[in-house]
Amino acid sequence: MPGYQIAIIPGDGVGQEVAIEAEKVLKAVVEKHGLDLKTTEFDWNCDYYQKHGTMMPEDGLETLKGFDAIFLGSVGNTKKAPDHIAATLVLGIRKKFDQYVNLRPIKLYPNVDTLIKTTTPETVNMVVVRENTEGEYSAMGGFFKPGTPDGLALQTAVFTQKGCERVMRYAFELAEERKKKGKGPGVVTNCTKSNALNNSMVFWDQVYNQVAEDYPDVTRDMALVDALAMWLIRNPERFDVIVASNLFGDIITDLGAMLQGGMGLAAGGNINPEKEFPSMFEPIHGSAPDIMFKGIVNPIASIESIRMMLEHLGENEAAQDMERAVSATLQEGKIRTPDMGGTSKTNELGDAVREMILK
Ligand code: IPM
Ligand code: MG
């Protein structure tokens, strides 16, 4: 039995609240399944930035490297650090640990309401595979004559053969696996914009088609990102696995969250598939300053992220048990946070999942 070391970075705002519930549920799973797992907490956030001028210590990444996985709540507090500085914590970890797949399942659990008429547990069951280390997030560019009438800013997107190929391979393999397990029809939709982005996205499409050749059992599909946004609402059942660039994946997964019942239910994993570095699991919502410390944030997205972590670690039995518990808790519907139309508190929903696990 491997001894797992898990780093927990609660971060800012509601991140601190959901991290408590995530850990609570993790503890229950660990006890029930007899796992050997230890958590270590790090207080790296915008308060840390105010005190030290950086989001984490100089050797922070070196420290994290020794862990098997990381859980991150959320970062951001504009009163204490500019947003693009706060984001360096998460973006830095993604890049440094080559977490080149941002895996974002979009699955509607039974008895969960959404604002969108087309959604049912049958129609909403897909996974977005978002490229997570390059593309539009490559941080290439700069400012020229800032603050003058000649001022300009350049932000260059970088698409490499290696970067595109590896994320597409992951998407095709995932579609193949989902098909084998009866979880999906075996389709990879290429989220593109090659009609307008005549260099980067034309290249992206080329790599998609090259990679697709190696997966004859998987069906090819493509949608321009603007149309894809429309299709996600109109015909969510069309989608199985969607492969998207960094920025497009970012945008369509917030839309995807609404198909699942809201941001409070959307989980994600930043994966280094080779396991050369730790992967990081986080809800896709932000620090939500408007509702922070009111005890009303929905912890399901974080609990689901912990489930993805266990899956990544190969603890499939524990992960499946968590899936059962989350699904049963939502199905029962007694405990719901305000975003789901209820009046329950964050800790009550965490407790309910915990109890369901121990049942
Ligand atoms: C996300 C977030 C981040 C991103 C921010 C915090 C930089 O929106 O994880 O989706 O853009 O990737
Ligand atoms: Mg986002």
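**A helix pair and a ligand site**

Helices H1 and H11 are roughly parallel to each other, a label for angles under 35 degrees. This is a predicted model: local features need pLDDT of at least 70, side-chain atom pairs count only at pLDDT 80 or more, and totals for chains, interfaces and linings use all residues. Residues are numbered from 1 along each chain as its sequence is written, chains are lettered from A and ligands numbered from 1 in the order written, and side-chain values use heavy atoms, without hydrogens and water.

H1 spans residues 14-33 and H11 residues 346-358. They pack at about 10°, with axes 9 Å apart. Axes are lines fitted to C-alpha atoms over the stretch in contact, and angles run from 0 to 180 degrees between N-to-C directions. Helices are DSSP runs (H or I, at least four residues), numbered from the N terminus.

By class, the contact residues are six nonpolar, three polar and six charged.

Now the ligand. Which residues surround ligand 1? They are Ala-87, Arg-94, Arg-104, Arg-130, Tyr-137 and Asp-250, each with a heavy atom within 4 Å. Two are nonpolar, none polar and four charged; Ala and Tyr count as nonpolar, Asp and Arg as charged.

Polar contacts are pairs of N or O atoms within 3.5 Å. Oxygen atoms of ligand 1 lie 2.7 Å from a polar side-chain atom of Arg-94, 2.8 Å from one of Arg-104 and 2.5 Å from one of Tyr-137. The protein covers 73% of the 320 Å² of accessible area that ligand 1 has on its own (Shrake-Rupley method, 1.4 Å probe).

Key
Helix = DSSP H or I, 4+ residues; strand = E, 2+ residues; numbered from the N terminus. Parallel < 35°, antiparallel > 145°, perpendicular 65-115°, else oblique. Polar contact = N/O pair within 3.5 Å; in protein donor to acceptor, adjacent residues only side chain to side chain.
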